[in-house]
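Work through the exercises below with the model open. Try each task before reading its solution.

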Amino acid sequence: MHDPAATDYAALARDIKHWARELGFADVGIAGTDLGHDEAYLERWLADGHHGEMDYMARHGTRRSRPAELEPGTLRVVSVRMDYIPPGTANAWGVIHDGEKAYVARYALGRDYHKVIRNRLQKLAARITERVGNFAYRAYVDSAPVLEKALARNAGLGWIGKHTVLINKRAGSYFFLGELYTNLPLPIDEPASAHCGSCRRCIDICPTQAIVAPYRLDARKCISYLTIELKGSIPEELRAPMGNRVFGCDDCQLICPWNKFAQDATEPDFAPRHSLDGAKLVELFGWSEETFLSRTEGMAIRRTGYEGWLRNLAVGLGNAPTSADVVSALQSRAHHASDVVREHVAWAMKQHGMT
């Protein structure tokens with residue numbers, strides 16, 4: 001059992017950071033549990049309805065902003081990050097500007113990050129146990145009510161940009177976050193300071209103008225929300241601005257000047273699978289449900305479901321340059337069993353002058 005009196009917590013914190021880097025994390029920091037300012041921000045965001053259909057954002061009450069309510073006894077949060085774009089991935093702007101291709105957010109091209117990071121966090125906890133004996137902890141990776149960006153900021157890993165994504169001045173924003181809630185009274189790190197200045201490139205470039213003010217995102221307009229979280233019909237006025245983005249969107253990150261410092265991923269599991277970093281819309285639209293389930297096994301893309309996948313691709317095809325292949329692909333799904341798929345295919349056909 002852990003003996004608090006026998007532990008040098010400053011030395012333990014240094015070791016935890018060393019072990020975390022050995023396990024493949026690009027950075028690690030330690031935060032306390034006070035998130036009062038962020039709790040107020042979250043409550044305003046929810047009151048404005050900016051969470052859309054993500055009811056779970058409101059369902060958990062204050063457990064999201066009060067770590068000790070989620071995991072009783074929590075005193076500190078060990079926050080980690082892991083870079084996710086491997087070298088050799090197709091150029092993002094090149095894919096976005098090619099209307100025949102499907103754009104998949106770069107974080108979703110490889111293996112589901114939840115499993116990769118959670119496994120590493122469990123290994124980190126095992127190393128700590130070897131040093132101090134049994135202690136209370138819980139590992140989280142975007143799978144529970146956790147204000148991960150606020151905790152990472154407080155742990156010194158970066159600041160929350162105007163697009164609401166965490167930015168690190170040495171590594172940009174292309175990284176995943178994970179947390180280890182613990183009852184160990186470790187020394188905490190200095191929070192990161194903000195460095196967006198007067199820049200508003202992310203706000204100006206958003207295809208659907210979802211960043212309604214600096215640091216304020218209306219998820220109901222966000223392409224990531226529309227293509228992943230939203231079930232049912234995508235609002236018609238947002239379909240054309242989506243372009244060929246069929247799972248997530250990276251524009252606000254791609255335009256960010258800080259991403260000139262982005263680091264290549266070192267985790268082989270994040271390498272693009274099935275050439276999804278630049279596949280043709282027509283090819284993906286031809287996948288059967290069996291093919292979809294087989295090729296997205298262990299990937300974040302599974303979250304949209306097959307019906308959502310076809311819906312998103314239909315929008316992409318509606319925005320694609322007219323060609324015989326596009327017309328033929330849309331006609332092949334015109335009588336699909338799903339009302340949602342049929343509706344979006346009909347809209348897409350209309351964009352190409354078909355009735």
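Two strands pair if DSSP finds at least two bridges between them. Helices (H or I, at least four residues) and strands (E, at least two) are DSSP runs, numbered from the N terminus. This is a predicted model: local features need pLDDT of at least 70, side-chain atom pairs count only at pLDDT 80 or more, and totals for chains, interfaces and linings use all residues. Residues are numbered from 1 along each chain as its sequence is written, and side-chain values use heavy atoms, with hydrogens and water left out.

**Exercise 1.** Find the bridge partners of strand 7 (175–182).

Step 1. Strand 2 (residues 76–83) runs antiparallel to strand 7, joined by eight bridges. Here Val 78 stands opposite Leu 180.

Step 2. Strand 4 (residues 137–140) also pairs with strand 7 in the antiparallel sense, over four bridges. Ala 139 has Leu 180 as its bridge partner.

**Exercise 2.** Which residues does UniProt list for "binding site"?

Step 1. The unreviewed entry gives Cys 196, Cys 199, Cys 202 and Cys 256. They span 61 residues, yet no two C-alpha atoms are more than 10.4 Å apart, so they gather at one spot.

Step 2. UniProt positions use the numbering used here, feature names are shortened, and annotations may be inferred rather than shown by experiment.
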